[in-house]
Amino acid sequence: MDEFASLQQSIERLIRIKCSNYKEDYIKRRILSRMRLTNTADFEAYHKYLLANPQEHDLLRNALTINVTKFFRDPEVFEVIRREILPDLARRKNAIRIWCAGCSTGEEPYSLAILAHELMALHQNVTITIHATDIDTGVLQKAMAGIYDRKTLENVDERRLRKHFIAHEDGTFEVRPHLKNLVKFREHDLMSGVPISRYLDAVTCRNVTIYFTEKQKNDLTHLFHSALAVDGYYVIGKTEYLAREVEHLFVPYNAVQKVLRKAA
Ligand SMILES: C[S@@+](CC[C@H](N)C(=O)[O-])C[C@H]1O[C@@H](n2cnc3c(N)ncnc32)[C@H](O)[C@@H]1O
């Protein structure tokens with residue numbers, strides 16, 4: 001077995017990520033980025049490093065899943081958005097603006113767009129715009145094309161699939177124009193400030209900050225606080241939390257689903 005194949009076996013055993021689920025080229029690029037950061041010269045040296053350094057397991061897992069996303073990832077969070085957050089916003093205003101920061105290939109903003117479309121059907125005076133940003137232009141191109149395979153859509157039920165997607169003959173599904181029109185994609189580095197006008201009604205920033213230092217995370221919390229209107233909603237990833245220094249900026253709304261609100 002060659003060194004790369006044997007490294008893949010260790011990755012599957014230690015990190016429980018099935019390399020065969022990904023394109024080989026993608027896996028190689030991610031491992032190469034870890035090799036640069038760990039000063040290891042080739043796959044064999046990196047393999048030894050991985051076996052000897054348990055802390056590398058998490059870092060490699062994060063590197064491999066950096067753009068990973070899916071429609072309605074953590075469906076319970078989207079239920080809170082559907083049942084509570086959007087109806088609350090619609091009661092208070094007509095033009096609702098949401099920022100989806102670190103949107104990757106578009107599954108998260110389009111999931112929000114599905115909920116927005118359903119709400120707008122009930123409240124015809126309400127418009128919802130989703131501003132979706134990411135630092136990676138490659139993922140944004142895929143997001144704008146809006147073509148997905150069945151796997152990433154597994155949390156989308158048949159009714160929504162038929163209503164919001166065009167089924168192509170090759171088995172992929174394309175987001176219909178009425179959803180695409182609700183989402184404005186834009187390249188943006190979160191370290192460079194707020195890219196749209198402030199007083200936003202909600203911000204989602206989920207599973208983005210895994211590589212950020214504590215200082216960067218806290219700066220980002222300040223940034224989102226400044227971007228939101230008072231009482232605006234802030235949704236973070238299921239495994240994420242606010243550091244003590246910045247906790248006072250938000251009040252918990254749903255602690256389990258990691259939804260917060262901007263404190264007055
Ligand atoms: C794991 S994906 C999360 C996608 C989605 N939010 C979700 O939870 O399913 C993380 C995304 O954050 C983006 N990202 C990382 N650093 C960023 C930065 N400094 N500014 C903007 N986006 C960033 C990456 O390009 C990647 O697409």
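The following questions and answers concern a predicted model.

Reader: How is the chain divided by the domain assignment, and what distance separates the centres of domain 1 and domain 2?
Author: The domain assignment gives domain 1 as residues 3-64 and domain 2 as residues 75-262. Taken over C-alpha atoms, the centres of domain 1 and domain 2 are separated by 31 Å.

Reader: Within helix H3, how far is Leu51 from Ile11 in space, C-alpha to C-alpha?
Author: Leu51 has its place in helix H3, residues 43-52. Leu51 counts as partly exposed, because 13 C-beta neighbours lie inside 10 Å. In sequence Leu51 and Ile11 are 40 residues apart, and the C-alpha to C-alpha separation in space is 9.6 Å.

Reader: Is Phe72 buried or exposed?
Author: Phe72 is found in the loop between helix H4 (55-64) and helix H5 (75-92). Its phi is near 50°, a positive value in a residue other than glycine. Most residues other than glycine have a negative phi. Because Phe72 has 24 C-beta neighbours inside 10 Å, and 20 or more are required, the residue counts as buried.

Reader: Which residues come nearest to the ligand, and what is the phi of Ser104?
Author: There are 19 residues around the ligand, of which Thr69, Gly102, Ser104, Ile135 and Leu190 come nearest. Ser104 is found in the loop between strand S1 (95-101) and helix H6 (107-122). Ser104 is buried, because 24 other C-beta atoms lie within 10 Å. The phi of Ser104 is positive although the residue is not glycine, with a value near 50°.

Reader: Where do the buried residues of helix H7 lie around the axis, and which strands do they pack against?
Author: In helix H7, residues 137-145, the buried residues are Val139, Leu140 and Ala143. They cover an arc of only 100° around the axis, and therefore lie on the same side of H7. The face turned away from that buried side carries the exposed residues Thr137, Gly138 and Gln141. The buried residues pack against strand S2 (127-134) and strand S6 (183-187).

Reader: Which residue follows H7, and what is its phi?
Author: The residue that follows H7 is a glycine, Gly146. The phi of Gly146 is positive, near 65°.

Reader: Why is one side of strand S3 and of strand S4 left without a neighbour in the sheet?
Author: An open sheet is formed by 3 strands in the order S3-S5-S4, with antiparallel pairing. Strand S3 (147-148) and strand S4 (165-167) each have a single partner strand, so one side of each is left without a neighbour, and both stand at the edges.

Reader: How many bridges join S4 to strand S5, and which residue is the bridge partner of Phe165?
Author: S4 and strand S5, residues 173-175, run antiparallel and are joined by 3 bridges. In S5, the bridge partner of Phe165 is Val175.

Reader: With which residues is Ile196 in contact, leaving aside its neighbours within four places in sequence?
Author: Ile196 lies in the loop between S6 and strand S7 (200-205). Ile196 counts as partly exposed, because 14 C-beta neighbours lie inside 10 Å. Ile196 and His131 are 65 residues apart in sequence, but 8.1 Å apart in space, C-alpha to C-alpha. Leaving aside neighbours within four places in sequence, Ile196 is in contact with Trp99 and His131.

Reader: Which residue in the hairpin of S9 and S10 takes a positive phi?
Author: Strand S9 (residues 250-254) and strand S10 (residues 259-262) run antiparallel and are joined by 4 bridges. Among the partners in S10, Val259 pairs with Asn254, and Lys262 pairs with Phe250. The hairpin has 4 residues between the strands, and the residue with a positive phi, near 60°, is Lys258.

Reader: In what sense do strand S8 and S10 pair, and which residue in S10 is the bridge partner of Tyr234?
Author: Strand S8, residues 228-236, pairs with S10 over 3 bridges in the antiparallel sense. In S10, the bridge partner of Tyr234 is Leu260.

Key:
Residues are numbered from 1 along each chain as its sequence is written. This is a predicted model: local features need pLDDT of at least 70, side-chain atom pairs count only at pLDDT 80 or more; totals for chains, interfaces and linings use all residues. Two strands pair if DSSP finds at least two bridges between them. Helices (H or I, at least four residues) and strands (E, at least two) are DSSP runs, numbered from the N terminus. A residue is near a molecule or strand if its C-beta atom, placed from the backbone, lies within 6 Å of it. Domain bounds come from an automatic or database domain assignment. A residue is buried if 20 or more other C-beta atoms lie within 10 Å of its own, exposed if 12 or fewer, and partly exposed in between; C-beta atoms are placed from the backbone. The arc is that of the directions from the helix axis to the C-beta atoms. Two residues are in contact if their C-beta atoms, placed from the backbone, lie within 7 Å.
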